Amino acid sequence: MNIIHTLAQELQIKPAQAQAAVTLIDEGNTIPFIARYRKEATGSLNDEVLRQLSERLNYLRNLEEKKQQVISSIEEQGKLTEELKAQIEAAQTLVVVDDLYRPYRPKRRTRATIAKEKGLGPLADLIMLQQTKKPLEEEAAAFINPEKEVLSAQDALAGASDILAETISDEADYRIRIREMTTKDGMIVSSAKDPQAQSVYEMYYAFTERVSKIAGHRILALNRGESEKILTVKIEAPQEEIIRYLEKQVLAADNPYTTPFLTSAIADSYQRLIAPAIEREIRSSLTEQAEDGSIRVFGKNLEQLLMQPPIIDQVVLGWDPAFRTGCKISVVDPTGKVLDTTVIYPTAPQNKIEESKRTIKNLIEKYHVTLISLGNGTASRESEIVIVDLLKELDRTVQYVIVNEAGASVYSASKLATEEFPNFDVGQRSATSMARRLQDPLAELVKIDPKSIGVGQYQHDMNQKKLSEALNHVVEDCVNKVGVDLNTASASLLEYISGISKAVAKNIVTYREAHGRFTSRAELLKVAKLGPKAFEQCAGFTRILNGKNPLDATAVHPESYDAANKLLARLGFTARDLAAGSLKGLSKKITDVQKLAAELEIGAITLQDIVKELEKPARDPREDMPKPILRSDVLEMKDLTPGMILKGTVRNVIDFGVFVDIGVHQDGLVHISQICDRFIKHPLEAVSVGDIVDVKVMSVDPAKKRIQLTMRGI
């Protein structure tokens, strides 16, 4: 297989792009580095395409390795033919390689191997020739052997049937065709183990859908219902059609003695050996496809969550709501430094509302709090009502935001949180996290295992290794898109930077604590275990504000500093102009990009990226994202009426719709059919987590806590 050609075809890119990307990956470059600083080589492939390429490259290389192992194994057995070798080498998937290897793979003892041990192989071969002129009982009599427990002709024929069934089952072409037929025309069917029992799976109690049409989220729901022992799930294949196909392949002659026997062996082979294996394979494949689809959605949701714009220059009061143990409060300054913490008890069973209000008013007055960040967990609704009453009593403008507190409890009890706040209890840490994840969502959320942030359905049913890898890649891409301030970034944030390991991230923080501020990117080379290759990978993603070199505050890579300085000089500017932010409109001074790039000895794409950075140094890509909705009043479900139009925040995207926070502590569902007027296959085609959208209330069911919304016709 020509892997480069295959990658180019699958990803719809040029072979030269695929070759360049593979070479760069093999040289140890990270995906963020290749995407940002090797655009010339790859033709500007983005990080998403590069991730897909990297995954497929691993799969295809593993496939080639598997092919060589299989060919060697069959060759050692002396059974390799040129035709078989060509078939194996042409295989496009591991499943096909396994099909071709099946007849030659060392087997555990089966009914067929036992029959062969009894000397019944020649009888099976005789029957398969379909040329006998006498009843099979007479042919089988010659194979009676009491020493090998073949006591009768019927024993011999039963053993021969087992051998034939396995031979038919092992035929790769048959399996490939049957798999295709089952995938195309098979039905996935589920039923309830107890039809009277109530459960969330009731829509699957008598469910049937084509294997080829079933949606991924239904596969995951069926799998979970099956694992919880509520549903029975199976695949109903087009059995009659498959049996006819097998008979056509196996029955070479209409022999009155062998045809009935072979027909029976074919049915046994399919029902006992082929069908169960094909069903397992198809269900495994459906699950893998469903998981891959869900992981892509999780990744997109997580990306939107991480890339929410930070709220800067505000003193924030973090409020972690609770009932019995009280609401934990933490006030942080605009840099995230904790100024004060306390506990109040405005909710049941204490209900110390007035006392709690006085405490919060004093904190607002003392620290000039401008924003309250309220977690959306237990007692959030009750806390929100207290906050709104409190804000009406103030003589200054203070607003509040409800933030998703998913993962806060995981972080609060973690080793990292203990190291960060050794004198705080878990409640104080959680309240601080509430405030900080509003000030800088990315810097705070990277401290939490991405799986704990809660970004999709069925995430606990996934292949956890694959999910972790995919979500970690999302975090890595987000952190590198934004960049990090080398003098303020935590080790948790630094470890996601291209080329920086956990150990090196800690070493950077240790160096900073020992030597004070970094004054230049080059100083990174003094950090323990950070060598030239790691420096090349990470330098462009780090920022040093007010350092020795103004270029250190930009995304211009040190390898391009000479070109950047020559560019500035040629256009009549200096580094001081960059530091002063007076290079806006720089691109308008360049009349011929190609010519100038050649003179500077860099690529045109690199030149354009440098100019973009010089015009807006250290620009934060999160600025383009929707800002959070700041609230000062509260709605309840009883306030909602059909036809009411509200502004809300998309909290979660799933296969069949999106959940929107409209400020009533119960997210409303916009079904995929209500998202927009045009047809879309998936909600992500129209909306993402964090989007601010206008919605109209369609219906409200307080008893079931369901709100149906629409985004159409507004």
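Colleague: Why is the contact between E281 and R175 called a salt bridge?

Modeller: The closest N and O atoms of E281 and R175 are 3.9 Å apart. A salt bridge needs a side-chain nitrogen of Lys or Arg within 4 Å of a carboxyl oxygen of Asp or Glu, so this pair qualifies. E281 lies in helix α15 (residues 258-306) and R175 in helix α12 (residues 172-185), so the pair ties together parts 106 residues apart in sequence. Helices here are DSSP runs of H or I with at least four residues, and strands are runs of E with at least two, numbered from the N terminus.

Colleague: What should I know about the model itself?

Modeller: This is a predicted model, where local features need pLDDT of at least 70 and side-chain atom pairs count only at pLDDT 80 or more, while totals for chains, interfaces and linings use all residues. Residues are numbered from 1 along each chain as its sequence is written, and side-chain values use heavy atoms, leaving out hydrogens and water.

Colleague: How do you know whether R175 is buried or exposed?

Modeller: Buried means under 20% relative accessible area, exposed over 50%, and partly exposed in between (1.4 Å probe, protein chains only). R175 has 3%, so R175 counts as buried. E281 has 24%, so E281 is partly exposed.

Colleague: What makes K300 and E303 a salt bridge?

Modeller: Their closest N and O atoms are 3.9 Å apart, so the pair meets the cut-off too. Both residues lie in helix α15, three residues apart, about one turn of the helix.

Colleague: Which residues are linked with E281 in a network of salt bridges?

Modeller: The network links E281 with D99, R102, R175 and R179.
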